[in-house]
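This briefing looks at how parts of one chain pack against each other.

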Amino acid sequence: MIRDITIGQYYPAKSCIHRLDPRVKIVCTLLFLVSLFVQNSVLGYGVATVFLVMVIKTSRVPLKYIVKGLKAIVLLLMFTVLMNLFLTKGGKELASFWIFHITENGLRTSVFMAVRLIYLIMGSSIMTFTTTPNGLTDGLESLLRPLNRFRVPVHEVAMMMSIALRFIPILLEETDKIMKAQIARGADLESGNIIQRTKAMVPILIPLFVSAFRRANDLAMAMESRCYNGGENRTKMKPLIYRTGDYMAYAVTVIYLALQFVLGRFIPFHLWIF
């Protein structure tokens, strides 16, 4: 399970999406995620599926890497589906047992919510797979720069987010090593009830926290030794500049959003699954 978490990882490849400005990828990803929650028809999700498949093909990131990230949210996905399935009322009743009732609205809502969560993870993964942590930092800082007028430390916020993303795969790898070391020493991490499994995680969490604080201290000392003093009056080695491909990416995203708007606003019926 630890190796299945792909958040914060970067997959190097030669594709036009890798070459896009990080600001374009951040904005387009946010617009795509918003579009998932304003559409409730099969036709609309069909358009979102085609758009997502095109982006994955263009990025040249193997599908198995993107799908691997879904394993980390299986429990959350199942919980969300079950909650919507049994607690959403309205429509024709399809089945019932004990105090639980499954209705058309509940079944439809649970399916759409599952699709939304899956596409949300996949869309976000494309952004992190095709953008380096430094690129994400520069893109976030540029997009949030207007907040400097309100005395918001934009550079520091972007730097913290970048460091957090960069530390995720490092800490996951450290956790995997600690778990293997404890298992080699005879620790049993898989058998027993929930309380016993929780107690068995203590020998893993303590070394992990010690390692995390040690890495944070080393990083702070490295930044101080290089005279890092925040983002004021700092220059960029590679300044962000919009190019033709970036404007084309914006245009494709706008066309996708316009198509979603037309499907949801002007088509007088919904093509439901049921």
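Contact here means heavy atoms within 4.5 Å. The model is predicted, and, leaving aside its neighbours within four places in sequence, M122 is in contact with L52, I56, L63, I66 and L70.

**Nonpolar core**

- The largest nonpolar core has 18 residues, and those with the most contacts inside it are F32, I66, Y119 and M122.
- At least two residues of this core are supplied by each of helix 1 (22–36), helix 2 (42–59), helix 5 (104–129) and helix 10 (244–265), and helix 2 gives the most, with 5 residues.

**Helix 6 and helix 7**

- The axes of helix 6 (residues 133–143) and helix 7 (residues 154–184) come within 9 Å and cross at roughly 155 degrees; because angles over 145 degrees count as roughly antiparallel, helix 6 is roughly antiparallel to helix 7.
- The crossing of helix 6 and helix 7 is right-handed.
- Residues of helix 6 including P133, L136 and L140 meet residues of helix 7 including V154, A158 and L165, and by class this contact has 8 nonpolar, 4 polar and 2 charged residues.

**Helix 7 and helix 9**

- The axes of helix 7 and helix 9 (residues 202–225) come within 10 Å and cross at roughly 140 degrees, which makes helix 7 oblique to helix 9.
- The crossing of helix 7 and helix 9 is right-handed, and the contact is made by residues that include F167, I170 and E174 of helix 7 and P207, L208 and R215 of helix 9.
- The residues of the contact of helix 7 with helix 9 divide into 13 nonpolar, 3 polar and 2 charged.

Methods. Residues numbered from 1 in each chain as written. Predicted model: local features only at pLDDT ≥ 70, side-chain atom pairs only at ≥ 80, totals over all residues. Heavy atoms only, no water. Core = buried A, V, L, I, M, F, W, Y, C linked by side-chain atoms within 4.5 Å. Buried < 20%, exposed > 50% of the residue type's maximum accessible area, 1.4 Å probe, protein only. Helix = DSSP H or I, 4+ residues; strand = E, 2+ residues; numbered from the N terminus. Axes fitted to C-alpha atoms, helices over the stretch in contact; angles between N-to-C directions. Parallel < 35°, antiparallel > 145°, perpendicular 65-115°, else oblique. Left-handed = near helix turned anticlockwise from the far one by under 90°. Nonpolar A, V, L, I, M, F, W, Y, C, P; charged D, E, K, R; others polar.
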